[in-house]
Amino acid sequence: MDTKAAKAIVERWMISDAERGLYGGLENRPIIERAEGIEVIDTTGKRYLDFGSGQMAAALGHNHPRYV
């Protein structure tokens, strides 16, 4: 899924919040497309360290070939 498709879903299904703006800042955040090892990658290809992963991803990483 690319950024345009994700934004179309947001436009259709998210409810506006008057206090925090239309999407509460969500429209300015990256859209995570996939994960590899200790990183998550957004729809533009930018890589981020995954500090928010669950216990198994923290121990094994994302998509480790031995476990996939």
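Predicted model: local features only at pLDDT ≥ 70, side-chain atom pairs only at ≥ 80, totals over all residues.
Biologist: What is the mean pLDDT of the protein?
Modeller: The mean is 76, and 69% of the residues reach 70 or more; pLDDT is the predictor's confidence in each residue, from 0 to 100. Local features need pLDDT of at least 70 and side-chain atom pairs count only at pLDDT 80 or more, while totals for chains, interfaces and linings use all residues. Residues are numbered from 1 along each chain as its sequence is written, and side-chain values use heavy atoms, with hydrogens and water left out.

Biologist: Where is confidence lowest, and where highest?
Modeller: Helix H2 (residues 55-60) is lowest, at a mean of 63, and S3 is highest, at 91. Helices (H or I, at least four residues) and strands (E, at least two) are DSSP runs, numbered from the N terminus.

Biologist: What order do the strands of the sheet have?
Modeller: The order is S1-S2-S3, in an open sheet of three strands with antiparallel pairing. Strands S1 (32-36) and S3 (47-49) are the edges, each pairing on one side only. Two strands pair if DSSP finds at least two bridges between them.

Biologist: How many bridges join S2 to S3?
Modeller: Three, with S2 covering residues 39-42. Val40 has Tyr48 in S3 as its bridge partner. S1 and S2 pair over four bridges, and Arg34 stands opposite Ile41 in S2.

Biologist: Which residue takes a positive phi in the hairpin of S1 and S2?
Modeller: Gly37, near 60 degrees; the hairpin has two residues between the strands. Ile38 is also found in that loop.

Biologist: Is Ile38 buried or exposed?
Modeller: Exposed, because its relative accessibility is 60%. Buried means under 20% relative accessible area, exposed over 50%, and partly exposed in between (1.4 Å probe, protein chains only).

Biologist: New topic. How many salt bridges does a search of the whole structure find?
Modeller: Four. A salt bridge is a side-chain nitrogen of Lys or Arg within 4 Å of a carboxyl oxygen of Asp or Glu.

Biologist: Which residues are linked in a network of salt bridges?
Modeller: Glu33, Arg34, Glu36, Glu39 and Arg47. Arg34 pairs with Glu33, their closest N and O atoms being 3.1 Å apart. Glu36 pairs with Arg47 at 3.2 Å; that pair links distant parts of the chain, S1 and S3, eleven residues apart. Arg47 also meets Glu39, at 2.7 Å from N to O.

Biologist: Why does Arg47 count as partly exposed?
Modeller: Because its relative accessible area is 41%. Glu39 is partly exposed too, at 25%.
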